[in-house]
Amino acid sequence: MADRRRINGPVGATTPPIFDKPAGPAAAKTRDAIRKIFLKTGITPSASGSAYLELENPNPQRPGNTSLKLSCTVHGPRSLPRSAPFSPHIILTTHVKYAPFATRQRRGYLRDSSERDLGVHLETALRGAIIADRWPKSGVDIISQKDDEGWDMMNVLSGCITVASAAIADAGIDCVDTVAGGVAALVCKDDKTAPTIVMDPVVAEHDSILAACCVAYLPTRDEITNMWFKGRLPGADMMVYDKLMEKSLVACRCANRVIVQELNETVKKGQGIS
Amino acid sequence: MAQTIAIPGQLLGPSSKYVAGPGTHIHEANLYSSVLGTVTIAQPEKKIAPGPAKRLTKIAGLPSSSAQLPTISVSRTGISEKREVLPEVGNVVLCRVTRIQPRQATVAILVVGDTVLEAEWQGVIRPQDVRATEKDKVKIYESFRPGDIVRAQVISLGDQASYYLATASNDLGVIMATSEAGNVMYPVSWKEYRDPETGLNENRKVAKPF
Amino acid sequence: MSSTSQHLLLSPAELAYLHGSLSLITPGPIRPDGRSPTQFRPLTAETGILPGTNGSARICFADGTEAVVGVKAEVEKTPVPPYEFVASTEGRKGHSSAPKKSSRKSKKTTTEDEEISMDVDEDDEEAAGVNEKARVSPDWVELSVEIPGLRDDDSGTVFLTSMLTEALLADGEFVKKLWINRRFHWKLYLDIILISPPLSYPLPLLSLTTHLALLATRLPRLKSEADEDPMFDDDWAAATFLYPRQDTTSAKASNKSPKQPSAAAAAAPASRPPITLLVMAVGDNIIFDPSKEELAVADSAVAVSVAEGPSSETEPESESIPATSTKRNLHLLSVRTIDPPSRLTPPGVPNSVNAAAWGTMTAATPTTTTAATAPANESGAAKHPDARVTETEDVVGVWKAPRGGAKFGMLGAMVAKVLERGGVAEEVLDGLEGVDLT
Amino acid sequence: MTTPKSLTLSSTTFAKLSPHPYLLANLQPADPSTTPTRTNGRQPAQTRTPYINTSSLSHAHGSAVVRNGDTTVICGVRGETILTSAIPNYRAPSPADGSGSSLDEARDYDLLVPNIELATGCAPNFLPGVPPTTLAQTLSTRVYSLLHSSKLVDVSRLRIYPEEVGGEKNKEDNDEKMNEADEEVDEYAVAGDKAVKAYWVLYIDVLFISFDGNPFDTAWAATLAALRDTKLPLAYWDADREMVLCKRSQQNATPLNLRGLPVACTASVFTAKEKQKKGSGSYWVLVDPDRLEEGLCDETVTVVVDKLGGSTKILGISKHGGTVVGPELMKKMVATAESRWDQIHAAIE
């Protein structure tokens with residue numbers, strides 16, 4: 001990536017360190033709850049709204065006590081560029097970006113396709129929640145920056161949805177409800193045992209994941225703004241599919257409790273000052 | 001009940017008992033909060049007879065004006081001082097002139113009412129909106145100069161790029177101006193500012209200092 | 001930019017009218033072109049139109065949208081992780097079966113991924129003799145979508161590309177067909193080009209064309225043995241289909257098919273590539289194959305990818321499908337919600353607020369008895385800077401962009417309607433089977 | 001200079017409408033009783049207290065988060081290996097002195113790759129999706145040149161030698177030999193006959209979480225803290241596989257012990273008149289400026305000092321814009337830089 005605006009390092013190709021012994025398998029432990037979430041709003045005072053989220057690190061071998069770190073800033077409502085056509089409602093643009101040091105394989109500075117795909121998912125999830133016609137002729141930019149690899153796209157997406165919803169509430173943009181993200185997966189240890197449905201799966205922990213689904217959920221309205229299901233269901237029976245969805249909604253409700261608690265604290269802290 | 005905290009999506013009350021104020025929205029006959037903030041309920045002030053009642057030619061019978069409903073609203077004053085507000089039609093705004101063209105003056109809206117904006121919205125003052133009298137003899141460069149601070153009123157949402165503003169009343173117009181020599185000037189008449197150091201006068205559409 | 005690329009200029013009144021007619025319950029939705037909710041628009045399809053490819057197809061919809069797909073295959077060397085040597089020299093003693101490389105991780109590290117080895121534990125049909133695991137990886141398929149007027153890194157195009165790729169790779173069956181031996185594999189390039197400007201949401205068209213192109217794809221027959229450098233029979237007539245065919249016409253091609261890892265009984269009806277259907281919901285009605293106008297008023301839209309697995313494959317886990325069911329055994333591969341363009345449409349102004357209709361902003365009196373429409377009651381003069389467009393109850397007949405998401409039950413019903421016996425997916429698959437593959 | 005007579009504005013409106021007179025009014029209060037302060041309540045020479053915590057990332061070999069007031073920066077250091085065969089015009093370092101030769105391996109072979117990423121939405125004017133702004137590019141090059149000129153990283157730590165071939169490769173005795181202080185690399189370069197087979201390349205990525213002025217000091221402090229926290233796994237050249245392999249066990253990952261602890265301190269000069277000729281009118285030196293002050297001042301001075309080991313060494317002075325700062329002001333700046341060094345030193349320990 002010879003980008004003349006950045007320092008590109010040596011001409012020759014560099015390879016990440018290759019180890020002589022493969023790492024031991026992650027300690028597979030079953031837990032029937034989502035990982036602990038740390039959520040804090042207001043980390044970027046210069047943005048109109050911001051939030052920061054960390055997921056607890058389930059894998060003891062991995063250094064550091066959290067495995068997924070996400071920061072999100074919201075800039076808006078702000079004026080649209082001159083060329084934009086007249087819009088009676090707010091234009092939502094989302095950017096999802098991995099930090100170069102976030103994943104095992106160092107990522108470049110330009111957004112690749114998986115990040116754009118996450119961006120569209122996030123946009124769909126949030127557009128349902130934002131009351132768009134309250135802010136005519138304006139735009140809002142939601143930037144989600146991933147600082148540490150949660151190892152799996154769907155966990156990352158559910159983290160992005162939760163942190164973006166807290167940041168939007170912090171920015172004071174009208175929403176019908178807070179949006180919470182949740183993931184559930186159909187996991188089977190080995191082929192003899194029947195597959196079990198697990199909430200907030202950590203891929204390193206499970207032997208083989210048959211299917212997983214990530215849901216963006218509006219708790220009080222009990223509606224789903226974005227749903228992403230992937231994998232192979234045994235047979236086409238809808239029963240397993242519905243159970244998987246229910247489990248992910250439970251995960252969403254747990255995540256939403258964290259959002260509500262954090263937003264309450266922001267208001268209390270705010271009142272303390274004013 | 002005054003200082004309860006509202007999270008977006010929190011049920012506030014049935015929409016038959018309250019009227020939705022700012023920061024709330026209606027969904028299936030219920031009022032929900034749409035902003036993070038504190039709930040305030042404004043009791044309706046007693047209605048004085050609204051001017052000569054317009055003769056309603058609409059067939060729909062004039063409903064009996066039942067007692068007015070209290071307005072419930074969620075205000076963010078508690079949270080952060082940065083409150084994003086959109087210029088509404090009729091708001092009095094403070095803006096800085098950024099560009100002067102014969103047909104219009106382009107300004108950046110900085111303050112709406114008394115809330116300072118983070119983002120800057122673009123506004124346009126057309127010659128015919130500069131003053132109420134002799135609209136056709138207005139010359140823009142005699143009314144505004146780049147860098148002036150102008151108090152104006154929003155008259156329409158305008159086109160996709162900018163809001164339409166007007167300074168057509170006495171208390172609207174330039175409130176702070178810097179002269180060519182770079183010193184802050186003070187108003188001497190309704191259409192002139194004077195530079196204290198050089199003593200020169202410059203033409204402006206002066207706002208009546210109150 | 002919503003995932004539909006073009007903005008349809010419909011006035012709020014037209015939108016309200018369309019929404020009203022589509023959400024009728026009693027006689028069912030009345031669609032602008034009079035179709036039944038599950039009726040598809042006619043399409044013309046042909047395959048084998050590009051001689052230089054391993055497989056190609058072209059589909060043209062009735063409304064003039066047209067897509068062409070070309071599939072080309074190349075032999076590629078499989079990268080071997082370094083401690084494969086260490087393992088092979090010391091003999092891989094009970095190396096714990098590394099977790100299956102979840103096919104979802106689209107960004108695969110080509111070089112060594114030190115924590116999780118990539119070899120996929122294909123335990124079920126892997127030929128018993130070779131204890132070596134068949135190393136398949138989702139990177140063997142590269143799919144690119146080209147939509148005229150959009151850059152290819154445009155988020156809408158990327159969303160389409162990842163949806164189509166996801167449908168192909170979701171269950172890992174497809175990638176196993178590309179396995180030649182431990183050192184080499186096929187690398188498949190699918191180029192999907194939408195020829196006409198995207199009149200309606202291009203997803204169903206692109207996925208059906210890909211389906212046909214993959215059905216028509218043929219790979220040269222392998223002549224070399226297990227792990228040697230691959231040698232192929234250059235007689236194109238002897239080339240084998242990617243999806244082995246069970247009908248008699250090309251019987252000779254299928255029974256000479258080389259030892260394929262997923263060589264389920266050749267006689268059984270072969271599995272077919274996935275198709276992605278766009279399902280839309282307005283009110284309580286579920287509508288298939290929506291046109292541009294219908295999508296503009298959709299409350300929610302879902303893309304469901306379904307594939308037909310070889311029905312003889314016994315499901316290890318769940319109760320097997322009753323044998324008497326009809327021949328198709330559908331697998332749900334992926335479901336994604338699509339952001340309906342209806343959220344970007346301008347709202348209508350109810351009479352109670354519209355000055356032209358004498359609903360006055362300042363009228364102290366609430367209008368007639370409609371639910372609780374009570375316009376703002378602040379004095380009209382200097383409106384409070386915070387006063388928004390007054391929040392009013394939804395007035396019947398006045399268009400308002402849908403807020404919030406879709407009900408859980410509605411999403412489940414849409415997916416169920418696609419998968420049900422004799423449902424839409426089977427109807428589409430039957431239709432596609434009719435296309436004679438040259 | 002008469003301010004508009006009867007116009008009364010709230011302080012926030014005054015700040016927004018005319019920031020320069022607003023800051024001037026704060027620094028030069030009308031009545032002498034109030035002490036002159038800056039708009040953010042600090043004294044002109046007062047810096048913001050830095051908070052630094054390290055090793056917070058799991059995929060980087062070294063990482064640090066630095067918070068300096070409202071400017072928050074996260075820096076990750078990742079080591080990757082490059083074979084000497086892949087380095088164009090590679091010259092084997094003369095084994096005798098190893099580092100004194102004219103050959104500066106870090107600079108010639110580009111082994112240190114710092115990059116500053118500002119387009120992360122850390123401030124309303126830095127939104128993603130655009131190529132790096134000039135500020136981001138200048139910051140990257142300033143960090144790059146300071147890294148090389150201060151010779152912070154000891155290049156001998158970055159060299160990778162072939163493994164000690166011959167005899168049964170018993171891992172155990174190699175390991176306990178590993179953890180001596182710093183000669184263990186020479187353990188391999190037995191009597192210099194082993195040529196360097198590969199190098200470690202350090203990718204230093206600095207990301208701004210929140211931006212409120214004075215980016216260079218914070219970015220440099222983050223780079224420094226992350227490099228001090230970096231532990232590179234022991235790498236060796238495996239002859240029969242012609243590739244570099246690293247030992248999995250963590251305990252023989254060797255930290256890069258850096259030479260010295262250079263700290264940067266920036267101040268900007270605020271002049272009473274916006275367009276100020278030399279010497280006329282009063283001025284203020286604002287240390288560690290925030291975003292509002294940076295916008296109003298066009299003259300900045302940056303001093304890089306290192307007080308490790310008693311005597312103060314000045315590693316770099318850069319001043320651009322404006323004509324106010326003279327030699328005696330420069331001495332005062334070095335003094336403030338020294339107090340800033342103590343602050344950062346305390347935060348890093």
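**Group meeting: a walk through the four-chain model**

So, in chain D, 19 residues of domain 1 touch 19 residues of domain 2, where touching, or contact, means that the C-beta atoms of two residues, placed from the backbone, lie within 7 Å. Before I go on, this is a predicted model, so local features need pLDDT of at least 70 and side-chain atom pairs count only at pLDDT 80 or more, while totals for chains, interfaces and linings use all residues. Residues are numbered from 1 along each chain as its sequence is written, and chains are lettered from A and ligands numbered from 1 in the order in which they are written.

Back to chain D. Domain 1 covers 50-255 and domain 2 covers 262-348; those bounds come from an automatic or database domain assignment. Which elements supply at least two residues each of the side of domain 1 that touches domain 2? In chain D they are β1 (50-54), α4 (134-149) and α7 (215-229). Helices here are DSSP runs of H or I with at least four residues, strands are runs of E with at least two, and both are numbered from the N terminus. The largest share of that side of domain 1, six residues, comes from α7(D). By class, that side has 11 nonpolar, five polar and three charged residues. For the classes, Ala, Val, Leu, Ile, Met, Phe, Trp, Tyr, Cys and Pro are nonpolar, Asp, Glu, Lys and Arg are charged, and the others, Gly among them, are polar.

Next up, chain A. You'll find three helices and nine strands in chain A, and from the N terminus on they run β-β-β-β-α-β-α-β-β-β-β-α. Of its 274 residues, 64% are buried, meaning 20 or more other C-beta atoms within 10 Å of a residue's own; 12 or fewer is exposed, in between is partly exposed, and C-beta atoms are placed from the backbone. If you take the contacts in chain A with a separation of 6 or more, residues 24 or more positions apart account for 71% of them.

Chain A also touches chain B, with 31 residues from chain A and 31 residues from chain B. On the chain A side, β3 (66-79) and α3 (238-273) each supply at least two residues, and α3(A) gives the most, with seven. That side of chain A divides into 14 nonpolar, 11 polar and six charged residues.

Most residues other than glycine have a negative phi. B:Glu134, though, has a positive phi, near 45°, and sits in the loop between β10 (115-125) and β11 (149-156) of chain B. Over in chain C, Asp289 also has a positive phi, near 45°, in the loop between β9 (285-288) and α7 (292-295). Buried or exposed? B:Glu134 counts as exposed because it has 8 C-beta neighbours inside 10 Å, whereas C:Asp289, with 23, counts as buried.

Last, a helix pair in chain C. The axes of α3 (residues 155-169) and α5 (residues 203-215) come within 11 Å and cross at roughly 40°. The axes are lines fitted to C-alpha atoms, for helices over the stretch in contact, with angles from 0 to 180 degrees between N-to-C directions. That angle makes α3(C) oblique to α5(C); under 35 degrees is roughly parallel, over 145 roughly antiparallel, 65 to 115 roughly perpendicular, and the rest oblique. In α3(C), Leu160, Met163, Leu164 and Ala167 meet Leu203, Leu206, Ser207 and Thr210 in α5(C). By class, that contact has six nonpolar, two polar and no charged residues.
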